[in-house]
Amino acid sequence: MIEENLFSVRMRASKNGAHENGGKHISGGEQISTYSHLKHTVNVLLDKALTHSKGNPDFMQIQLELIDEPITKCEPLHIETIEVESVEEGQLIARNLLEKSGVPRACIEKAYQQMKECSGLRGAILFDIHTGERIDDRSDKGVRVSRMDWFTTNYEKWANYYKMPVSQRVKEALVLATKVNRHPATVAELCWSDDPEYITGYVASKKAGYQRITRLKTYGDEQGCRIFFVNGLSDLDSYIHYLEKEPLIIQWEEGNDE
Ligand code: PML
Ligand code: MG
Ligand code: MG
Ligand code: MG
């Protein structure tokens, strides 16, 4: 069987200069595309960056690379949405979910104390669940999970089945959470958007699945958060290599994820 070449396509956009020159992060995006679909893929990423509510970028990079490693296929995490009345209620539920997933209470508290550090990064922060200390060495860049996607037709089939609105944002977040949480060292992830107009966030873990929480911050707030809580990490470099480089495509089949 001749398989078509696949490409990893990545975008990052910032304002007041490039990220590495102190620019403000506006938007980032990841896609995997066939050659014939590249024009469309680049357009999706371009559109995402040009219409972001964080502002108009004055720096953007779109990069494509042939994927020459085998691509892992896997099912998405199970999804649920928890409706909450207030940010306080949402945050309480998030902390409880983290604890139930295996993050010690003391580590959760420590992570929250360092929350300010998490904002404005284009990637994620890694916390060791035993020490509550940040363990990645990526300072204001963070770790950016890459080389992952979920092809539209299969995603729409899934969204239809679970009566979820078809949303590029939810798709991207679920793809990322699935990739991060399938690694044995990941205990849980906590995330909410830096988009001031988007207040739903989530806790994801092997135990809890992808638990959306409808309010994790107030409207207008540009402080986002993406934390990976990790356990028993003997090799940080290989963990980061998995997140950044190992290609993964989500493929859902009815009945397999229940
Ligand atoms: C983001 O916008 O970058 C993160 C979105 C997280 C929540 C997505 C969802 O509604 O499930
Ligand atoms: Mg964003
Ligand atoms: Mg695509
Ligand atoms: Mg972002």
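Predicted model: local features only at pLDDT ≥ 70, side-chain atom pairs only at ≥ 80, totals over all residues.
**Entry 1: elements around the ligand**

Two elements, α6 (168-181) and β10 (209-213), each give at least two residues to the shell. I asked which element supplies the largest share. It is α6, with three residues.

**Entry 2: the shell, residue by residue**

Next I listed the residues around ligand 1. I found Arg 169, Val 170, Ala 173, Ser 193, Tyr 198, Thr 200, Tyr 202, Tyr 210 and Arg 212. I then sorted the shell by residue class. Five of its residues are nonpolar, two are polar and two are charged.

Which side chains place an N or O atom within 3.5 Å of a ligand oxygen? For Tyr 198, the distance from a side-chain N or O atom to an oxygen of ligand 1 is 2.5 Å. For Arg 169, I read 2.6 Å to an oxygen of the ligand. For Tyr 210, the value is 2.7 Å, again to a ligand oxygen. On its own, ligand 1 has 340 Å² of accessible area, and the protein covers 88% of that.

**Entry 3: the pocket**

I looked up where the ligand sits. Ligand 1 takes up the space of the largest pocket.

**Entry 4: the whole chain**

Last, I stepped back to the fold. I counted seven helices and 12 strands in the chain. The radius of gyration is 18 Å, close to the 18 Å that the globule rule gives for 258 residues, so the chain is as compact as a globular protein of that length. Its C-alpha trace spans about 50 × 45 × 40 Å along the principal axes.

Terms used. Residues numbered from 1 in each chain as written. Chains lettered and ligands numbered in written order. Heavy atoms only, no water. Near = heavy atom within 4 Å. Polar contact = N/O pair within 3.5 Å; in protein donor to acceptor, adjacent residues only side chain to side chain. Areas by Shrake-Rupley, 256 points an atom, 1.4 Å probe, with all protein chains shown as cover. 1 Å grid on protein atoms, 1.4 Å probe; cavity = no way out; pocket = protein on both sides within 12 Å on 5 of 7 lines; lining within 4 Å. Sits in = over half its atoms within 2 Å of the grid points. Helix = DSSP H or I, 4+ residues; strand = E, 2+ residues; numbered from the N terminus. Nonpolar A, V, L, I, M, F, W, Y, C, P; charged D, E, K, R; others polar. Rg over C-alpha atoms; globule rule 2.2 N^0.38 Å.
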